[in-house]
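This briefing goes through a protein model, starting with its aromatic rings. Keep the structure in view while reading.

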Amino acid sequence: MKERRRLLRSKFARRLLLIFVLCALVPLVTLAFVTLNQVTAGLRAESEKRLHHASKATALAILARLQQVHAGLVSLPIPEGSDDLTFLRTSAGELHGKLDSLAVRLDPDAGFQPVFGDAVDQDALLPELMETYQQGRPIVTTTRQPMGDLRVQIHQHLGPRRGIDLVGTISIPFLLDIGDRITLPPMAEFCVLDDQLRVLACSLDTHSSIPKDLVRGDERSIAGSIDWHQDGKRFLGRYWKLFLEPTFGIPSWTVVLIEPEASVLAPIENFRLTFIPVMLICLFSVSLLTISQLRKRLEPLDQLKEGTRRIAERDFAVELDVTSGDEFEELASSFNLMARNLRDQFDALTSLIDIGRAVMSALDLHAIADLVLFRMGDLYSCDEIILMVTTAESPNRLRVFSSSGAPDERAMLEIEGFTAGERRWLDSHASHLVVLPGEKRSQALRAIGDDGSGATVILPLLIKGEVAGALVCRHDNPEDVDPTRLVFARQLADQTAMAISTALAIEEKRVLAYFDTLTGLPNRLLFKERAEQALIQAQRHDRKVAICLLDLDGFKRVNDTLGHESGDRLLISLSERLQRIVRSGTFARLGGDEFTLLLTDVSRIDDLARISQRILETVAEPFHLGSQEVIVTASIGVAIHPDDGDDLETILRNADTAMYYAKEKGGNAYHFYTTQMHDAVHKRLTLESKLRRALERDEFQLVYQPIVDVQSRDIVGMEALLRWIEPETGIISPMEFVPLAEETGLIVPIGEWVLNEAARQNVYWQQQGLPHLRVSVNVASRQFMGPSLLPMVQRALDSTGLHPQYLVLELTEGSLISVDAAVRTTLMALREQGIHISVDDFGTGYSSLSYLKHLPLDHLKIDRTFIIDVTRNRADAAIVRAVIAMAGGLDLQVIAEGVETEEQLAFLRRHGCESAQGFLFSEPLAADAFEKLLRTKPPS
């Protein structure tokens with residue numbers, strides 16, 4: 001008792017007791033109130049749901065009873081032309097029990113004769129129902145009898161041909177006998193009201209008191225609720241309107257189901273009776289528990305108060321003995337630890353200065369990591385120390401050093417760098433961050449194996465104001481986290497960041513020298529160093545080394561059509577793909593679109609083939625450059641040491657030979673080097689060398705093929721075609737040297753020569769008095785997409801004096817795949833001068849037809865592949881007809897190429913093609929031969 005009085009004299013104890021009692025009482029009362037309301041609402045809703053389904057089911061059951069009676073009436077076999085009802089009375093046996101009586105009228109002029117039951121007085125039908133009745137639909141009527149009961153009759157006319165009328169009085173017990181169909185709620189009662197809300201039948205004695213206005217409700221509503229009081233009782237109910245007018249001619253009957261509210265809410269009453277005793281028991285228990293806990297806590301509090309006084313008197317040797325097992329014990333332990341920490345402060349500061357001096361003198365990242373991991377324990381003790389830092393070589397990744405591994409294995413782990421969200425997270429906790437068990441781990445922590453079972457202290461490393469890594473201390477036991485010593489760890493982290501900043505600056509210079517600035521891959525210099533080192537190791541251990549040289553097919557087309565910025569994005573995406581699929585080798589970018597893969601310790605040729613094929617498949621996947629989807633392929637050449645060479649230069653040269661061999665075979669393939677490839681590649685290099693000298697040696701000449709009018713066969717134009725006459729080889733096909741010229745870029749000066757020569761020759765013929773004709777000149781894709789097309793054309797016109805209206809520039813359909821605003825402006829400028837623009841090889845490209853309406857075009861040239869079989873192939877014929885019709889709608893002139901037979905010409909003439917060219921009229925002729933043709937066959 002004395003102890004209890006002392007306890008209650010404490011202000012802290014009284015306040016805490018009051019708070020605990022209120023904390024127990026308020027939620028309990030609130031929960032009881034909310035639960036009562038929710039349960040009440042739920043019971044009402046459940047009752048309404050039950051009554052709703054029961055009223056609907058009852059109404060449908062009554063409808064089914066009415067339909068049974070009607071079906072029985074219309075199925076009665078009534079003999080025609082006979083007044084004998086004996087057979088009818090026998091057949092009507094099935095209606096006994098359903099009808100109280102049944103009468104029939106066989107003659108419209110006679111009265112009703114009873115079939116069974118009492119004599120029937122037919123209820124008068126309303127005039128508006130007579131027409132419906134005469135059409136054979138059943139009519140149900142309800143009338144009040146002298147005794148007050150309602151009589152329900154069904155009237156059935158069996159049609160104008162038979163002229164028979166039936167009237168029956170429906171048995172109310174049969175109509176409402178629905179027990180085999182419906183299961184009503186236990187305490188529910190129901191009533192059935194007719195269309196005037198008069199009671200047909202009801203299980204309640206007080207049915208007359210049902211509020212008719214509630215039942216009447218909305219005339220458009222089929223169901224509703226009833227809620228009213230009667231004799232001090234409250235009833236909950238639902239009604240369902242059974243619309244009978246479409247079937248039986250009366251508006252509706254109403255089925256009403258009600259249930260006493262007391263039976264619905266019976267569980268609530270039980271709850272109310274038990275709540276108050278339960279609440280009192282809870283309050284009593286809370287009071288006892290609170291007093292018990294306060295008694296246990298006051299003693300530790302007195303000890304802690306005394307310990308605080310001694311600390312204030314600078315007695316740091318105090319040792320408090322508190323074993324309460326809670327925060328008071330932890331507080332006492334903190335007091336004891338404080339005194340010990342004060343003695344340790346000086347030693348820790350001395351160690352920090354020593355470690356900082358050593359760290360700042362180290363310039364290599366590995367040396368810095370070794371020092372930090374080895375000496376960190378002098379300042380802050382933890383189970384594992386991890387240093388994560390970005391490097392100039394891989395700024396988007398983190399290199400991980402851990403104290404748990406051997407010194408030579410500490411940098412073996414490399415993980416993805418911090419996400420933007422993680423950087424903001426760390427930046428907001430620039431001092432330190434403690435992640436406790438169960439808390440969410442960042443991507444970087446999960447990557448280093450932090451499973452969340454212990455506590456993790458993160459000390460961000462800030463370099464130039466940005467998070468560039470972290471010093472991580474992991475504790476298996478979360479209680480080992482020592483906030484008092486984290487200040488020393490934070491200072492060490494700052495010194496580490498400064499040392500790493502210096503090391504990164506040195507490493508960044510190395511990255512610029514050894515890594516490609518666009519893709520981040522090793523460059524040619526680093527690749528050669530690694531390859532030469534790999535060859536030395538291979539010779540020492542008798543191993544094989546493979547070099548795969550990769551070059552993209554048609555990459556220049558991407559740069560020419562989409563621009564160099566898109567080309568750079570494609571190279572970056574490609575390098576990321578290649579690094580994902582090959583982990584054991586070294587990928588490097590040698591320059592441009594040329595990559596190489598170094599594979600050491602090659603044991604099987606099949607593995608090289610599999611890797612090469614996988615690279616080809618990866619490269620061929622679509623690249624998404626903004627809104628443009630681009631597909632490129634690659635050619636790969638493979639050379640193996642020592643089979644294909646002993647030194648790096650030889651192996652690279654042979655891999656290059658194999659790669660060019662793959663390109664010559666169509667690209668999108670890989671080939672291993674063989675000695676036979678050398679001849680093929682040498683031939684290509686020789687041809688390229690001769691092509692570079694052909695223009696300055698005047699080895700090119702132009703031939704001209706006439707373009708004729710389909711109707712008159714008059715020459716209306718000509719196409720200038722390039723030919724190469726090489727002194728040693730002779731005539732070289734354009735199919736052989738034009739693709740090489742486009743690939744090497746020589747097509748630009750060659751194309752300018754063709755344009756100038758064609759314009760000069762046309763002006764010469766006009767000066768000789770020959771017909772003034774348009775000359776068509778092909779423009780390569782590289783010329784078309786470049787900015788020099790307009791100046792080049794203008795120079796040709798100025799130097800030769802050719803009027804612009806006599807020049808036609810032919811563009812291939814493939815070059816129109818991507819036309820930007822600058823190219824469109826160039827074409828508009830050419831068109832405004834009077835130069836005609838033609839689309840060559842129409843139908844063989846893959847670009848959108850939308851360019852036909854957006855670009856200033858004059859001619860469409862149907863490719864010869866569609867003309868060859870136009871008279872024999874229905875598909876080719878349909879395509880040619882469609883192109884001619886489409887061009888006519890767009891006001892474009894159509895020129896058919898490759899016409900060789902009269903049948904082809906007749907087809908083109910028949911379908912409205914304006915012009916044609918081909919061997920039927922003339923093969924391509926040299927300038928002097930074409931001049932003779934013009935003189936012998938001048939236009940009419």
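**Aromatic pairs**

The model is a predicted one, and with ring centres within 6.5 Å as the cut-off, the count of aromatic pairs comes to eight.

*Phe-700 and Phe-737*
- The ring centres of Phe-700 and Phe-737 are 6.0 Å apart and the planes stand at 40°, so this pair counts as tilted.
- Phe-700 is in strand β24 (residues 700-709) and Phe-737 is in helix α21 (residues 734-744), so the pair links distant parts of the chain, 37 residues apart.
- Phe-700 and Phe-737 are both buried.

*Tyr-704 and Phe-930*
- Tyr-704 and Phe-930 also form a tilted pair, because their planes are at 40°, with ring centres 6.0 Å apart.
- Since Tyr-704 belongs to strand β24 and Phe-930 to helix α30 (residues 927-936), the pair ties together parts 226 residues apart in sequence.
- Tyr-704 and Phe-930 are both buried.

*Cluster and charge*
- One aromatic cluster is made up of Phe-700, Trp-724, Phe-737 and Trp-753.
- Arg-577 places its charged end over the ring of Phe-623, 3.7 Å from the ring centre.

**Thr-58**
- Helix α2 (residues 11-74) contains Thr-58.
- Thr-58 counts as buried because its relative accessibility is 0%.
- Its side chain reaches the backbone oxygen of Ala-54 at 2.7 Å.

**The whole chain**
- The protein chain has 30 helices and 32 strands.
- Of its 940 residues, 46% are buried.
- The chain exposes about 47,700 Å², with carbon and sulfur atoms supplying 53% of that area.

Conventions
Residues numbered from 1 in each chain as written. Predicted model: local features only at pLDDT ≥ 70, side-chain atom pairs only at ≥ 80, totals over all residues. Heavy atoms only, no water. Helix = DSSP H or I, 4+ residues; strand = E, 2+ residues; numbered from the N terminus. Buried < 20%, exposed > 50% of the residue type's maximum accessible area, 1.4 Å probe, protein only. Polar contact = N/O pair within 3.5 Å; in protein donor to acceptor, adjacent residues only side chain to side chain. Areas by Shrake-Rupley, 256 points an atom, 1.4 Å probe, with all protein chains shown as cover. Phe/Tyr/Trp six-rings, centres within 6.5 Å; stacked < 30°, edge-to-face > 60°. Lys NZ or Arg CZ within 6 Å of the ring centre and 35° of its normal.
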